[in-house]
Each structure stands twice: as C-alpha cells, then as structure tokens.
Amino acid sequence: MTKKYLLVEADVLPEIFQKVLEAKALISQNKAKNTSEALRMVGISRGAYYKYKDSVFPYRSAESSILTVQAVLSDNPGVLMAFVSVFYSFGANILTINQNIPADGFAMVSVSARIDAMIRPLEELLLELGKVDGVRSVSSVSDH
C-alpha cells in the first residue's frame with residue numbers, strides 16, 4: 001500500500017500532533033533524558049505519543065534545511081579538514097565545498113551543508129567554526 005501525505009496548517013489540527021512533535025524534538029536534541037521525561041514535559045501520554053510518533057513530522061522546505069557558510073582560511077595543511085570536521089561533529093551533512101586558490105596566505109572557502117539532522121544549535125556551529133585554528137572569518141550566507 002502506498003502511503004499518502006497531506007500538508008496541513010498546524011493550527012487546524014488537534015493539539016496532540018504539535019505535542020508529539022515537541023516531544024520528538026526534545027528527544028532528538030537531548031533536552032530530555034528519555035522518552036518518558038519528554039512526554040511529561042509536553043504533557044501527553046505514552047499511548048498518544050506512540051500512536052502518532054511515526055506519522056507526524058515537521059515541515060521543512062529543502063532550502064531551510066541547507067546552510068551555506070563562507071570562510072577565510074589560512075593556507076596551511078589541515079585547516080580545511082579541521083573546518084569540515086566541525087560540520088561532521090554537529091551532525092551536518094556536507095553537500096558542496098568550494099575553495100578558491102590561496103592569495104596572500106589565505107583562501108576563501110564556501111561550504112553548503114544539510115542541517116536538518118544537526119544535534120546542536122546552528123549558532124553553536126558557527127561559533128565552533130570560528131574557533132578552528134587557521135580560520136580568519138566565518139559568515140552564514142543562508143537565511144539562517
């Protein structure tokens with residue numbers, strides 16, 4: 001049987017669907033120690049959660065889940081690798097990397113990554129990228 005999906009404005013749905021999404025977010029972001037704690041935090045039963053958890057998902061357009069950052073990196077071995085490793089440590093999936101030829105000891109790099117499965121907030125990712133040894137500057141060029 002083929003699954004059918006509907007895109008429905010959240011305001012017209014019963015509150016339970018939003019609560020299930022909140023609980024799933026608490027669990028995935030490690031803001032709750034376990035499922036039971038997440039359910040207590042949002043105020044729903046285990047039965048309601050398990051009834052809907054595999055059928056309710058937040059809507060994200062493809063563009064909103066892709067982050068593009070530009071950075072100026074020093075032209076030293078390992079700097080780009082360390083920079084890219086931060087994305088990995090946050091659970092982001094790198095889609096593209098573009099690096100210009102270095103000039104005056106620095107190179108402009110552009111990295112696009114899918115961020116919908118990140119395990120830590122976007123703001124922390126940008127801060128950690130800026131802390132990498134050899135990174136002169138980092139800025140987001142997406143709408144995030």
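Start with the salt bridges: a search of the whole structure turns up 4 of them, where a salt bridge is a side-chain nitrogen of Lys or Arg within 4 Å of a carboxyl oxygen of Asp or Glu. Before you click, note that this is a predicted model, in which local features need pLDDT of at least 70, side-chain atom pairs count only at pLDDT 80 or more, and totals for chains, interfaces and linings use all residues. Residues are numbered from 1 along each chain as its sequence is written, and side-chain values use heavy atoms, with hydrogens and water left out.

**Stop one: helix 1**

Select E15 and K19. Their side chains meet in a salt bridge, 3.8 Å from N to O. Both sit in helix 1 (residues 15-28), 4 residues apart, so about one helical turn separates them. Helices here are DSSP runs (H or I, at least four residues), numbered from the N terminus. E15 is exposed, at a relative accessible area of 57%; the scale is buried under 20%, exposed over 50% and partly exposed in between, with a 1.4 Å probe and protein chains only.

**Stop two: R120 and E124**

Now pick R120 and E124, whose side chains form a salt bridge at 3.0 Å, N to O. R120 is partly exposed at 34% relative accessibility, and E124 is partly exposed too, at 32%.

**Stop three: helix 5**

Go to E128 and K131. This salt bridge has its closest N and O atoms 3.2 Å apart. The two residues are 3 apart in helix 5, so again about one helical turn lies between them. E128 is partly exposed at 27%, while K131 counts as exposed at 61%.

**Stop four: helix 4 against helix 5**

The crossing is right-handed, meaning the near helix is turned clockwise from the far one by less than a right angle.

Which residues make the contact? Show F83, V86 and F87 on helix 4, then L125, E128 and L129 on helix 5; contact means heavy atoms within 4.5 Å. Colour them by class and you get 5 nonpolar, no polar and 1 charged, with Ala, Val, Leu, Ile, Met, Phe, Trp, Tyr, Cys and Pro as nonpolar, Asp, Glu, Lys and Arg as charged, and the others, Gly among them, as polar.
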